[in-house]
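Here are some friendly notes on how the two parts of this chain meet. Please have the structure open as you read.

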Amino acid sequence: MKACHIKPARLARQYTDKEEVVLWMNTVGPYHNRQETYKYFSLPFCAGSKKTISHYHETLGEALQGVELEFSGLDIRFKDEVMQTTYCEIDLDKAKRDAFVYAIKNHYWYQMYIDDLPIWGIVGEADENGEDHYLWTYKKLEIGFNGNRIVDVNLTSEGKVRLVPNTRISMSYSVKWKKSDVKFEDRFDKYLDPSFFQHRIHWFSIFNSFMMVIFLVGLVSMILMRTLRKDYARYSKEEEMDDMDRDLGDEYGWKQVHGDVFRPSSHPLIFSSLIGSGCQIFSVSLIVIIVAMVEDLYTERGSMLSTAIFVYAATSPVNGYFGGSLYAKQGGRRWIKQMFIGAFMIPAMVCGTAFFINFIAIYYHASRAIPFGTMVAVCCICFFVILPLNLVGTILGRNLSGQPNFPCRVNAVPRPIPEKKWFMEPAVIVCLGGILPFGSIFIEMYFIFTSFWAYKIYYVYGFMMLVLVILCIVTVCVTIVCTYFLLNAEDYRWQWTSFLSAASTAVYVYMYSFYYYFFKTKMYGLFQTSFYFGYMAVFSTALGIMCGAVGYMGTSAFVRKIYTNVKID
């Protein structure tokens, strides 16, 4: 067969009458394991007789997501109807029959594309006893058009044929064209599920989280205002203080640690790298959600992942700026090492996980196995885009805001930390700190998980933006309250405590992912299980680093505020 290369239809494609319309076969795999996909022709299907067309991976996201478009060989032309026509025959020997039986037992289904519109079909089905297995042999395509554009595609599988060894099975197709009133811009609306994503529980969870925000902001405002008012009252020699103010008074001793509260954190190199990475992840999340709200990224294969990679690389100066300036403020000398760790912390975690899962994907011959060229491209982005931009950010951060301009002088000798009640220990505060932030997002986690691990297209990015804002406010409020009580117990180790108490949200998210796996999905097998828990670990860690950075930045502003407004004897 003669081979030629063309690019598959992009979204703006307009057709003339009888122009060729390409039916791409993408992948096939078990229904319950969404990420376990294989090339369509890894099953012994046959292709049509039309000349072969090979597909370029147009985007990095497409290659990373295991898109494997192969030409079906079917002759389809715009507005040209095709009656039921046999396009090829399968000589069913025992090996081929066993392959189809295995696929049917595991509920395999396949995905195809016409003009970037996805179509799904099931390979076959078994009878009630599970003894006989049947293959669907007739693809009945109904294509809707509006003007000179394709706006709708439907597939009906017919022609149920029993799988018997050493027989010949004919594969056939037909094409029917119909006028449609669907606008080209709205052609993906049929794939969305408003009844699922805009369910009243979704609205209720947002309202519930919003009420939590009001409560926490009120609590923090009360602490801040009472604390500052108490200090002003004391230094103005005002004796009229109510009981509540007296309870929050000197005996709690947060002013006693003014000489140690701005002492550099332990392991400042790792700490500043985590803060820088967290600020970058927050920037990426914010920008990608805004882009997704403006542009319908779900309409193009791999576009969300491509956008996230591009935005992550472009926001590298944010990482360098915040990480580098914090490291300089804490008196760090090895700033180049800090820059390298900050730049490669997240990429190394993601690539390390992907590399491990890639071995399993190669063993399974899955389409998710990342091509070597794509790996090289990702490494080039890390070394030639992320690292230089991180260097620029680090230099700017060190020079513009790297001076340790603390409101209180740091004592030469660290103050001994007095004994305190068990619930005031940093370890306890860290464990409890993530509960409320997780409570504000766990309903949204269900919708996000379902869209990624099941067959829903997530499109309600307005909800996601609201949840991100709520998560940040709740995280900052919780860490401020935790830090306030820690300082009242005359424990000045607030930097790591504020970061980890916010980051512990990730532990609860990962624990929830176990619940989701066992009770909400029917996944099975080594590949899908390792894929699920591997990437859930990456997601949870990234979320934890982001929450930790947000919590630390908010708490840092709070600590500076209260120690700036108090006179030190």
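**Notes on the domain interface**

1. Two salt bridges turn up across the interface of domain 1 and domain 2, each being a side-chain nitrogen of Lys or Arg within 4 Å of a carboxyl oxygen of Asp or Glu. Glu62 pairs with Arg301 in a salt bridge, with 3.0 Å between the closest N and O atoms.

2. A word on the basis: this is a predicted model, where local features need pLDDT of at least 70 and side-chain atom pairs pLDDT 80 or more, while totals for chains, interfaces and linings use all residues. Numbering runs from 1 along each chain as its sequence is written, and side-chain values use heavy atoms, without hydrogens and water.

3. Domain 1 covers 19-191 and domain 2 covers 199-565, with bounds from an automatic or database domain assignment. Their centres, taken over C-alpha atoms, lie 44 Å apart. To the contact (heavy atoms within 4.5 Å), domain 1 brings 29 residues and domain 2 brings 31.

4. About 2900 Å² is buried between the domains, 55% of it on carbon and sulfur atoms; this is the accessible area (1.4 Å probe) that both parts lose on being put together, summed over both. Arg34, Gln35 and Leu64 lose the most area on the domain 1 side, together 26% of what that side buries.

Note on methods: Buried area is the accessible area (1.4 Å probe) that two parts lose on being put together, summed over both.
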